[in-house]
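Subject: Handover of a structure, with findings

Dear colleague,

Please find the structure placed below, for your files. A written account of the findings follows it.

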Amino acid sequence: MEFLIYSASNETGIYLSRYNEETGSLSTPELLPDTPKTFFMALHPRRPLLYTVEIGADRIHAFSIAADGRLHPINSVPSHGKAPCHPVVAPEGDVLVVANYNGGVVAYRLREDGGLDESAPALYQPEGSSVDPKRQTGPHPHGIAFTHADGQRWVHVADLGTDRVDALELVTSPNLALRYAPERSVRVSAGAGPRHLAIHRSGSAAVVVNELGNTVSAFRITNGRWEAANERSTLPEGFAGTSYTAEIEFHPTAPDIFYTTNRGEESLAVFSIDPATGTVAFVCRVAPTGQFPQHVAFTPTGKSLFVVNTKSNSVSVLPLDASSGLPAGAPTHQYPVPAPMYVLCYRHEN
């Protein structure tokens, strides 16, 4: 089975590689033309479309994916905030939501051609601060996730600056809107700095990775309400250096397993979750694949994990056991990408 691998560089643009999981072959990454410096990316859930954010220009870009994997620009729109960092397409495929680290959250309708409708974006500007005197003097939305409850669609925003996960009702009719629901929002430990979040496949639990605290906060979800379950460190006992978490992702075929990244301590920490209670437990630690592991992405089969090593200017490929979700050996590949930030695995459905 062949996958298209898109690796985002914050210095040059987007690189395309082809990965055959059956033979283990990986092509040399090729810089795609007409792609901007890219921080994070998002795929459409059903159509050959890819969306990116350009953090230096405060822009959001839409691309169509051709049969050969090349990207063709559709349009580009402002992010309505500074430092856009996390784009996510709603599961229904009709709206893109982006967290701006400095400047709130923006939502755009998607046009018929996959482009972003500039006519009436929805905006949400959070308020507040927390205890860290350098990183938490104001709100810093960083991560986006979607849920459904009570017949409504919800956008959950991990805000590093306020130590909150804000709940926003996504309204699409008659006008696009993001309505803050304080009664459905939750807090993590003071100074933890929530960065990204992930929802368990069952919809009954969620996990949040905290950049400043180097912890995972776990929540049980009952009737759409989040209740704190427990919190676990991502770092080994006795570690005294400087480290910051970055990513959190559930394994696609072992749904109770998720991975986090430690930038500085330079490892991946693997956890399990009990979806009935929302509690998490540490499972194992993956040795460094490079410096500053920024992001991870699984192939849909669950047999391979791509790890972005930002300060090593490389992306590594780690073999996994699809049943357990756990590492199955040393990295099989490592390919060069300047200042990589994000990686996506995509299989074109013809």
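A salt bridge is taken here to be a side-chain nitrogen of Lys or Arg within 4 Å of a carboxyl oxygen of Asp or Glu. The model is predicted: local features need pLDDT of at least 70, side-chain atom pairs count only at pLDDT 80 or more, and totals for chains, interfaces and linings use all residues. Residues are numbered from 1 along each chain as its sequence is written, and side-chain values use heavy atoms, with hydrogens and water left out.

Salt bridges

The whole structure holds 11 salt bridges. One of them joins aspartate 113 to arginine 111, with 2.9 Å between the closest N and O atoms. For exposure, buried means under 20% relative accessible area, exposed means over 50%, and partly exposed lies in between (1.4 Å probe, protein chains only). Aspartate 113 is partly exposed, at a relative accessible area of 39%, and arginine 111 is partly exposed as well, at 32%.

A second salt bridge brings together the side chains of glutamate 30 and arginine 70, at 2.5 Å from N to O. Strands and helices are DSSP runs numbered from the N terminus (strands E, at least two residues; helices H or I, at least four). Because glutamate 30 lies in strand 4 and arginine 70 in the loop between strand 7 and strand 8, this pair ties together parts that are 40 residues apart in sequence. Glutamate 30 has a relative accessible area of 31% and is partly exposed; arginine 70, at 30%, is partly exposed too.

The side chains of aspartate 150 and arginine 184 also meet in a salt bridge, at 2.4 Å from N to O. This pair links distant parts of the chain, 34 residues apart: aspartate 150 is in the loop between strand 13 (141-149) and strand 14 (152-159), and arginine 184 is in the loop between strand 16 (177-180) and strand 17 (186-187). Aspartate 150 is exposed, with a relative accessible area of 55%, whereas arginine 184 counts as buried at 8% relative accessibility.

Sheets

Strands of a sheet pair through backbone hydrogen bonds, either parallel or antiparallel. Here, two strands pair if DSSP finds at least two bridges between them.

Tyrosine 51 has alanine 62, in strand 7, as its bridge partner.

Another open sheet of 4 strands has the order 18-19-20-21, and its pairing is antiparallel. Strand 18 (194-199) and strand 21 (225-233) are the edge strands, each pairing on one side only. Neighbouring strands of this sheet are turned by 25° against each other on average, direction ignored. Strand 20 (residues 215-222) pairs with strand 21 in the antiparallel sense over 8 bridges, and the partner of arginine 220 in strand 21 is glutamate 227.

Aromatic rings

Rings of Phe, Tyr and Trp (its six-membered ring) pair if their centres lie within 6.5 Å; planes under 30 degrees apart count as stacked, over 60 as edge-to-face and the rest as tilted. There are 9 aromatic pairs in the structure. Phenylalanine 39 and phenylalanine 40 form a stacked pair, 4.2 Å centre to centre with 15° between the planes. Phenylalanine 40 also pairs with tyrosine 342: the centres are 4.9 Å apart and the planes are at 40°, so this pair is tilted. Phenylalanine 40 is in the loop between strand 4 (30-31) and strand 5 (41-43), and tyrosine 342 is in strand 30 (residues 340-346), 302 residues apart. Both phenylalanine 40 and tyrosine 342 are buried. Ring pairs also link Phe250, Phe258, Phe271 and Phe282 into a cluster.

Yours sincerely

How values were computed: Axes are lines fitted to C-alpha atoms, for helices over the stretch in contact, and angles run from 0 to 180 degrees between N-to-C directions.
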